[in-house]
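Trainee: I have not looked at this protein before. Could we go through its fold step by step?

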Amino acid sequence: MPLLPVPGSGREREMFRVAVLRQSHTSAAAGTMAGVPTVSFSELRLLLASGRARLFDVRSREEAAAGTIPGALNIPVSELEIALNMDPAAFQTLYCAEKPKLEDRNLIFFCQMGRRGLQATQLAQGLGYTGARNYAGAYKEWLEKEG
């Protein structure tokens with residue numbers, strides 16, 4: 001979700017950003033994902049098996065180090081906007097992976113429970129990544145079913 005510039009000090013802008021993020025987290029907790037494409041567990045398995053998905057684990061490095069969905073690239077949600085705005089060579093150097101293209105399909109974002117994944121998907125969409133999707137079941141569901 002792109003944010004409009006907010007006048008005021010850096011602290012006021014940060015407080016506004018946090019309020020907007022809290023609102024999106026509240027919506028996610030209520031199961032409202034209006035306008036955000038999602039992927040189910042079974043669809044994710046099919047996409048992964050066919051090599052037609054790129055997975056982004058937006059949890060912290062510590063969370064991802066404890067376990068993740070195979071093939072996922074860990075970019076904490078706090079770094080995601082900077083990462084997706086990087087020049088492709090810098091992205092490759094930092095993440096040892098090709099930077100996704102704006103037109104790539106099935107760019108799937110996930111976290112532990114679904115909130116940060118939703119936030120990441122909205123952020124990617126706001127930056128023009130039309131194939132951004134949220135795995136709403138998140139790592140929690142993956143672990144329960146694939147564990």
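Predicted model: local features only at pLDDT ≥ 70, side-chain atom pairs only at ≥ 80, totals over all residues.

Mentor: Residues are numbered from 1 along each chain as its sequence is written, and side-chain values use heavy atoms, with hydrogens and water left out.

Trainee: How many helices and strands does the protein have?

Mentor: Helices (H or I, at least four residues) and strands (E, at least two) are DSSP runs, numbered from the N terminus. Along the sequence the pattern reads α-β-α-β-α-β-α-α-β-α-β-α. The count is seven helices and five strands.

Trainee: Which residue in β5 stands opposite Phe109?

Mentor: Phe109 is the bridge partner of Phe56 in β4, and Phe56 has Leu73 as its partner in β3. Ile108 is paired with Arg133 in β5. Thr38 stands opposite Asn134 in β5. For Phe109, the residue opposite in β5 is likewise Asn134.

Trainee: What is the handedness of the β-α-β crossover from β4 to β5?

Mentor: β4 and β5 run parallel, joined by three bridges. The chain passes from β4 through helix α6 (residues 115-126) to β5. A crossover is right-handed if, with the strands pointing away from the viewer, the path from the first strand over the helix to the second runs clockwise. This one is right-handed.

Trainee: Are the residues of β5 buried or exposed?

Mentor: In a regular strand the side chains alternate between the two faces of the sheet. Ala132 and Asn134 point one way from β5 (residues 132-135), and Arg133 and Tyr135 point the other way. Buried means under 20% relative accessible area, exposed over 50%, and partly exposed in between (1.4 Å probe, protein chains only). On both sides, these residues are buried.

Trainee: At roughly what angle do α4 and α6 cross?

Mentor: Axes are lines fitted to C-alpha atoms, for helices over the stretch in contact, and angles run from 0 to 180 degrees between N-to-C directions. The axes of α4 (residues 77-84) and α6 come within 10 Å. The crossing angle is roughly 15°.

Trainee: How far apart are the C-alpha atoms of Val77 and Gly117?

Mentor: Val77 lies in helix α4 and is buried, at 19% relative accessible area. Val77 and Gly117 are 40 residues apart along the chain, and their C-alpha atoms are separated by 8.0 Å.

Trainee: How many disulfides are there?

Mentor: A disulfide is a pair of cysteine sulfur atoms within 2.5 Å. Cys96 is exposed, at 65% relative accessible area, whereas Cys111 is buried, at 1%. By the distance rule, the count is zero.

Technical notes:
Pairing = 2+ DSSP bridges.
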